[in-house]
Structure formats: C-alpha cells, structure tokens
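Notebook open, model loaded. I want to look up some helix packing and then a pocket.

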Amino acid sequence: MANTLYIVDDDLFSRQPQLVRDTTLAETQNLFAFVSGFKVILQQPSKFPTRFDFTDSVVKVVESDGDVGAFHNQSVRTQTANLAHSAQQNGVTLNTGTQKRNAGVPERGGIGFQSKDILTAGSQKLAFVLTGGAASLETVKEAVAEFNAGGRSRNEILADKKNAIEGTRTRKGLGLAGYYGRHQALVDIRGLTAWDLVEKPLSDWPKDDQISVATALARLIAHEARHQYIAPHYNGGGLGASEASLWGDKNFAAFDKGDQKEVSVALANFTKLQKTATIHLETNPTNQPFPY
Ligand SMILES: [Zn+2]
C-alpha cells in the first residue's frame, strides 16, 4: 500500500496499555496528516505485506536504546537476503553492488534507514526496497521523566539533596530533619519518583504520563519514518531536525512546514520512480525470515 507507515505490532508493542497504543497511533497519524491519503497501521508480523511501496516505512518499537543497533544490523541483513531470494525466484540475479547505500542515521534512542532504488538486471528493472526504523521506549520514558523532574537528571537531584543535607564548602548543611522540613525535599521526592517510573512498565505509570510517553513515542516513530523518505535531517528545525527534543518543547512537536514540503516532494518522486520497475522485489517473502 502506498504512503503507509507500518508500526510493528509485535509482542512488545501489543502488551503496552491500550491507552498507549491508541494514543501512539493517533498522534503518529496527526504528524503525517499533511500527506493526503497517508496511513499509519499497527501491523502484526504475520500480517505484513510481502512487498513495500517506495513510499512505505516501517518502525519497530524496542525496549531499550541498546536494542536499536542490534535490530538495525539484523534487519538490514535479513532484508538484503530476502530481496536476493526474491530476485532469484524471478530468475534474475541481484547486483547489490549497484544499489544506493544508506547506512541509516543512528541517534539517541532510534534509527531510520532505507535503500530504495530501481536496479537493472538484463532487460529488467527491479524495484528494490530496503527500509526500516526503530524507536526506543527507554528514550521516550526518560524524556517524559526528565520533564516531570523539572529538567534535572536523577544524579543531579541526588547531588542537590546530599548538598542540602550535608552542606558544601560555602553553605552549612541543613541536616536530615532540616532538609525534610523544606519545600525542596518535596520537589526532590517528586523528581526521584518521576525517574523511578522509567524502570517500570507503562501500565504502572499514571494515565496522564502514559499519554505523554505515547505522544513522545509517536514523535520518535515519525522522525524515524521520515528518515525512510529523506535520509538527512532537516536543518530548518521541527521534528525532522537533528536531536529533536521529544517532550516538553513545542518547537519539536511537529514537522516544520518546509520539511513537510520536502517530504511530500520525496514521496511524489518515489511514486514516479517506482512506476519504471518491471519487477517489484519482495522484502518480506513468504516463508523467509521476518526482517523486523
Ligand atoms: Zn534523526
């Protein structure tokens, strides 16, 4: 299906609270509402299409930042093998040396990668689609926790608390009783509680925070989907920018207007390019390993 962003509805994503699932889907749809006919679908692995349109993207939600790199390597390897298999089924040999390479844009908590091209094999023109992305729950949970903790990290809060109780070279300590009598103690407790949630499943988070995490997750998913249409970051700001803040800064809450225009142009160019293919290779052939 053209202009479709597939969010992989695997074991991890399907066990998230319904509120998180619904909000993530709705917010991701909102972020791409500027593309007419754009669809965002939660797709179970067994229901994935065998072929992807040049205008499609796929994002897998992973548990931790450390899962991103492993997923990227595995997915590229599997997709490359699957595409070669598909070419073979069509009686052609894939010359992978000629394909446009895109190592992906690795960043904190996510990645988006793509190689979409028309490859020539004898008289045939092969539509080659290697695409994918990952979005880490850990990063979005931390973005919301940091905001709820007033911008302080856990270590900063602990250091402030220690300094208040024990004192510093320039300031006398309050002692435990003195500290807990201060408003600062309440602020610190609230901050530490926010950080404690990061280790917990989203079902343990208050509903309001679940909505915040899901909204931040939608932004990360959309950012990584965008890399599957345009590899470089958008240098005019907004959600497509490098190091886009995921929570608490309205400047990064949506794609910049200029970026939206570039994404629309990229999608239109992909549609045009794809029409020249005589064989559309399968990225996810039946009975081959699932690449996400
Ligand atoms: Zn990026």
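At what angle do the axes of helix H2 and helix H8 cross? This is a predicted model, so to speak a computed one throughout. I looked up H2 (residues 18–31) against H8 (residues 207–226), and their axes cross at roughly 40°, coming within 8 Å.

I wanted a word for that angle. Roughly parallel would need an angle under 35 degrees, and H2 and H8 are therefore oblique to each other. I also noted the hand of the H2 and H8 crossing, which is right-handed.

On the H2 side I have Leu19, Val20, Thr23, Thr24, Glu27, Thr28 and Leu31. Their partners in H8 are Lys207, Gln210, Ile211, Ala214, Thr215, Leu217, Ala218, Arg219, Ile221 and Ala222. Sorted by class, this H2–H8 contact comes to 9 nonpolar, 5 polar and 3 charged residues.

I checked H5 (residues 154–166) with H7 (residues 183–196), and the two pack at about 150° with axes 10 Å apart. That makes H5 roughly antiparallel to H7, since the cut-off for that label is over 145. The H5 and H7 crossing is left-handed.

Which residues of H5 and H7 meet? From H5 I wrote down Arg154, Ile157, Leu158 and Lys161. They meet Asp188, Gly191, Leu192, Trp195 and Asp196 of H7. By class I get 4 nonpolar, 1 polar and 4 charged residues for the contact of H5 with H7.

I looked up the largest pocket, and its volume is about 370 Å³. It is lined by 16 residues, and Arg108, Glu243, Ala244, Ser245 and Leu246 are the closest to its centre.

Sorted by class, the lining of the largest pocket has 7 nonpolar, 3 polar and 6 charged residues.

Methods: Residues are numbered from 1 along each chain as its sequence is written. This is a predicted model: local features need pLDDT of at least 70, side-chain atom pairs count only at pLDDT 80 or more; totals for chains, interfaces and linings use all residues. Side-chain values use heavy atoms; hydrogens and water are left out. Axes are lines fitted to C-alpha atoms, for helices over the stretch in contact, and angles run from 0 to 180 degrees between N-to-C directions. Helices (H or I, at least four residues) and strands (E, at least two) are DSSP runs, numbered from the N terminus. Angles under 35 degrees count as roughly parallel, over 145 as roughly antiparallel, 65 to 115 as roughly perpendicular and the rest as oblique. A crossing is left-handed if the near helix is turned anticlockwise from the far one by less than a right angle, and right-handed if clockwise. Contact means heavy atoms within 4.5 Å. Ala, Val, Leu, Ile, Met, Phe, Trp, Tyr, Cys and Pro count as nonpolar, Asp, Glu, Lys and Arg as charged, and the others, Gly among them, as polar. On a 1 Å grid over the protein atoms alone, a cavity is a set of points where a 1.4 Å probe fits but cannot get out, and a pocket is an open set with protein on both sides within 12 Å along at least five of seven lines; lining residues have an atom within 4 Å of a point. Grid points are joined across faces, edges and corners, and a volume is the space filled by probe spheres set on the points.
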